[in-house]
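Subject: A structure for you to look at

Hello,

Here is the structure I promised to pass on. Please open it first, and then read my notes below alongside it.

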Amino acid sequence: MNAVGIDVSKGKSMVCVMRPFGEVVLEPFEVLHTAQNLNDLAGKLKALDGETRVVMEATGNYHKPVAFVLHDAGLFVSVVNPVLIHDYDNNSLRRVKTDRKDAVKIANYTLDKWTRLRQYLPEDDTRLALKNCYRQYQQAVAVRTMLKNNLISSLDLTFPDANKLFSSPAKSNGCEKWVDFIGDFWHSECVSSLSSDAFAKKYLKWCQKHGYNFTRSKSDTIYACAVNAASLPKSPTSKLLIQQQVAQLKAVSQSVAAFQQEMLRLSQQLPEFDTVMEMYGVGPSLGPQLMAEIGDVSRFTHKGAITAFAGVDPGVNESGSYEQKSVPTSKRGSSDLRKTLFQVMDVLIKTHPQDDPVYQFLDKKRAQKKPYYVYMTAGANKFLRIYYGRVKEYLSSLP
């Protein structure tokens, strides 16, 4: 048996091959992530005598080309959570962190867990594209939030509370009414310098131009806010700053909307789409996010595996006659999945679906005076178990 430990990094990997009782077959050596070098590595490993198993850590996107090439060459490949390798005993009091030592450690882990290694299976193109799109969506949302906060901060100097004047939902292209409004009326004096009737006429034309509904009461509210606003005098620099920030925010918001539409399109191609969308609290935004982060549920052997992957599994702490009653969850899984689950729980709490089992469970925990994070995490755990059961049952019924 040949245990191959690969410590993956950007653009290159360190490879070590060992056999039981500490026999080193191949000293740690470096392999560049080029097509030729990876194919040569696959050929070298296949030429070894005996069964060969390859283990590497899941390291973002870096490990995927390596795992794909070796799996495609017919080798047994297992991709494990880095936490498992980090916590694995290296039988040494010294703390040494080098690529060579890590490759040896992974090879020893391979020998120790030989019979329990799970074979890596490449994701199909749709799921891979959905996950990559979700990653870009997350980045765009973070940038949008930063730009929005920056714009609101700048408005405190030119048109305070202008962002609070509108509550209209965003358009399908991501544009928001208050952002469009600030682009044209970037300073309170752009409104207050006119009479109330003159501004109403100008606001009516603006609404017609941008496709928004007009009401005179809203016009009067905006005018009153502008008249009472305490702002710095108008200046060309302030106009430039506000309008550039608006342009940046609108561009990123349009990217977020485009990613959402693409995620929905990709998720509709997955067999579990209808089953997931039927679950309460899941909509065209959160549904694709769940499917992107969870992936194929068939890779989880039981319900406990998927809750552990999400990091919402209850911990256990007991020794002798001592047993801790309330133990924090592991939080060692996907933080992105936990965030999406909390958003689903938030929808349930706000909508109060009395016949939904997850909401009933949440309401029960709240009635017991459990802390917020306790009942939210418990609800996420129950939701994920139901998700696993329904999707697994549906997929098993397919021909």
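Let me start with a pair of strands: Val17 stands opposite Leu26 in strand 3. Strand 2 (residues 12-19) and strand 3 (residues 23-32) pair in the antiparallel sense, over 7 bridges. Here two strands are said to pair if DSSP finds at least two bridges between them, and helices (H or I, at least four residues) and strands (E, at least two) are DSSP runs numbered from the N terminus. The hairpin made by strand 2 and strand 3 has 3 residues between the strands, and Phe21 takes a positive phi near 65° there.

Before going further, please note that this is a predicted model, in which local features need pLDDT of at least 70 and side-chain atom pairs count only at pLDDT 80 or more, while totals for chains, interfaces and linings use all residues. Residues are numbered from 1 along each chain as its sequence is written, and side-chain values use heavy atoms, leaving out hydrogens and water.

Strand 5 is worth a look next. Strand 4 (residues 52-57) runs parallel to strand 5, and 5 bridges join the two. Within this pairing, Val55 has Ser78 of strand 5 as its bridge partner. Because 4 of the 5 residues of strand 5 (residues 76-80) are buried, the strand is largely enclosed by the rest of the structure. Buried means under 20% relative accessible area, exposed over 50%, and partly exposed in between (1.4 Å probe, protein chains only).

The largest share, 6 residues, comes from helix 5. Of the 50 lining residues, Val79, Val80, Asn81, Arg299 and Phe309 lie nearest the centre of this pocket. The space in the largest pocket is about 2200 Å³. On a 1 Å grid over the protein atoms alone, a pocket is an open set of points with protein on both sides within 12 Å along at least five of seven lines, a cavity is a set where a 1.4 Å probe fits but cannot get out, and lining residues have an atom within 4 Å of a point. Grid points are joined across faces, edges and corners, and a volume is the space filled by probe spheres set on the points.

How many cavities of 30 Å³ or more are there? The count comes to 1, and about 40 Å³ of space lies in the largest cavity. Helix 6 and helix 10 (236-267) each supply at least two residues of its lining, with helix 10 giving the most, 3 residues.

The largest nonpolar core has 70 residues, and Phe159, Phe181, Ile182, Ile294, Met345 and Phe383 touch the most other members. Such a core is a set of buried Ala, Val, Leu, Ile, Met, Phe, Trp, Tyr and Cys residues joined through side-chain atoms within 4.5 Å. A second, separate core of 21 residues includes Ile6, Phe29, Val66 and Leu70.

Finally, two single residues. Ser188 lies in the loop between helix 6 (177-184) and helix 7 (189-192), and is buried because its relative accessible area is 2%. Glu393, in helix 16 (residues 372-397), counts as exposed because its relative accessibility is 57%.

Best wishes
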